[in-house]
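Here are a few notes to read with the model open beside you. Take them one point at a time and look up each residue as you go.

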Amino acid sequence: MGTGRARIAASILDSDLGNLGNAIRRVQAAGADRIHLDVMDAHFVPNLTFGAKTIKALRRRTRLAFDAHLMISEPGRYIDQYLDAGCDSVTIHVEIEEPIEPTLRAIKAAGRAAGLSLRPGTPISALEPYATLLDIVMIMTVEPGFGGQSFMADVLKAKAFAARGVFAHKAYGGEVHVDGGINRESAEFAGAQGVDVVVVGSALFVRGRDMGREVRLIRALVDEGYQYGLNDGIPPIPRDKMVRIAGLPLSFAKRFSRDIEAGGIPVVILRGDGQINPDGVRDYDVLVPATVEADVVSRHAPRRDQLLEEAEAWRRDLIARGEVAPPRPEL
Ligand code: DX5
Ligand code: ZN
């Protein structure tokens, strides 16, 4: 799993289709962050690959997240099978003729991430009616249907920032994916467009090439593209980095985290090394993703200060009532 900002989703479309389990084992060992599963029905696209049954069989081969990319005309008809197969996210195409909203709602109701993908010729504005239901926008930089095609740089340049705008309603968590033609030549450009997840297929399955080295190289190039193309040369914040924004007694920490999570931002509460309270228990640390630290602090500072004061009053009260316990041993 990577430490940088960019995430690598390995597509197994161009692997040995007679041994998909082995392909998954290989990309996991190579350091891919998740598996990108290209489902094609020979109707929406001129190719036929695999479906929910195959994905279900592959599910027990890895704990990596499964991103299903459904290039099928009737995802609504089969969505339960893909959810049952254990997909962590399901992305359908906005160009399909059947109703889209019910399928997105079904994906979200199952607690998975819902996405929409667009062919190169489809404008980002096509996503507007569904924006509030989306966790993923997948920009196709090849015509969907086959791996190993050439990367369409202009398409990504035209759409990447508008795709970010689709998530304006979200404080955290929306992902822009790029799919098609990503390799060591196109990775840096993709990073400079600010994408979060790059799908990599054929570039990983080049005979005689070290797959692990390719994953590391492509991830480093994407992050470098972001650093110099978008971030004034400042290295990007690692995606999984969490930062401490407060130390509070447990019950106060839980109240604070509920407030923050109500805004759609994940919170982690960890036993810290702060002060030991009169009840013998140390303060807990409240952590949020480093990528949204500034937003959280600006939005929740008054509440934090209020809870810090309440916690202090609680400590004084315990001491005044003589309810002071010896420090509890750290577990
Ligand atoms: C194409 C698929 C892509 C493809 C990517 O329709 O959606 O995910 O497998 O493969 P490369 O990286 O070879 O373009
Ligand atoms: Zn795909």
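1. Let's start with a term: a pocket here is an open set of grid points with protein on both sides within 12 Å along at least five of seven lines. Keep in mind that this is a predicted model. With that word in hand, the space that ligand 1 takes up is the second largest pocket.

2. Who contributes to the shell around ligand 1? Strand S2 (34–40), strand S3 (65–71) and strand S8 (197–200) are the elements that give two or more residues to it. S2 gives the most, with three residues.

3. Count the neighbours and you get 20 residues surrounding ligand 1, the closest being Gly-145, Gly-148, Asp-179, Gly-181 and Ser-202. Sorted by class, the shell holds eight nonpolar, ten polar and two charged residues.

4. Now zoom in on the oxygen atoms of ligand 1. One is 2.6 Å from an N or O atom in the side chain of Asp-179. For Gly-145, a polar backbone atom is 2.8 Å from an oxygen atom of the ligand, and a polar backbone atom of Gly-148 is also 2.8 Å from a ligand oxygen. How much of ligand 1 does the protein cover? On its own the ligand has 380 Å² of accessible area, and the protein covers 99% of that.

5. In one of them, the side chains of Arg-59 and Asp-88 meet at 3.0 Å, N to O. Arg-59 is in helix H2 (residues 52–59) and Asp-88 in the loop between helix H3 (75–84) and strand S4 (89–93), so this pair ties together parts 29 residues apart in sequence.

Methods
Residues numbered from 1 in each chain as written. Chains lettered and ligands numbered in written order. Predicted model: local features only at pLDDT ≥ 70, side-chain atom pairs only at ≥ 80, totals over all residues. Heavy atoms only, no water. Near = heavy atom within 4 Å. Polar contact = N/O pair within 3.5 Å; in protein donor to acceptor, adjacent residues only side chain to side chain. Areas by Shrake-Rupley, 256 points an atom, 1.4 Å probe, with all protein chains shown as cover. 1 Å grid on protein atoms, 1.4 Å probe; cavity = no way out; pocket = protein on both sides within 12 Å on 5 of 7 lines; lining within 4 Å. Sits in = over half its atoms within 2 Å of the grid points. Helix = DSSP H or I, 4+ residues; strand = E, 2+ residues; numbered from the N terminus. Nonpolar A, V, L, I, M, F, W, Y, C, P; charged D, E, K, R; others polar. Salt bridge = Lys/Arg side-chain N within 4 Å of Asp/Glu carboxyl O.
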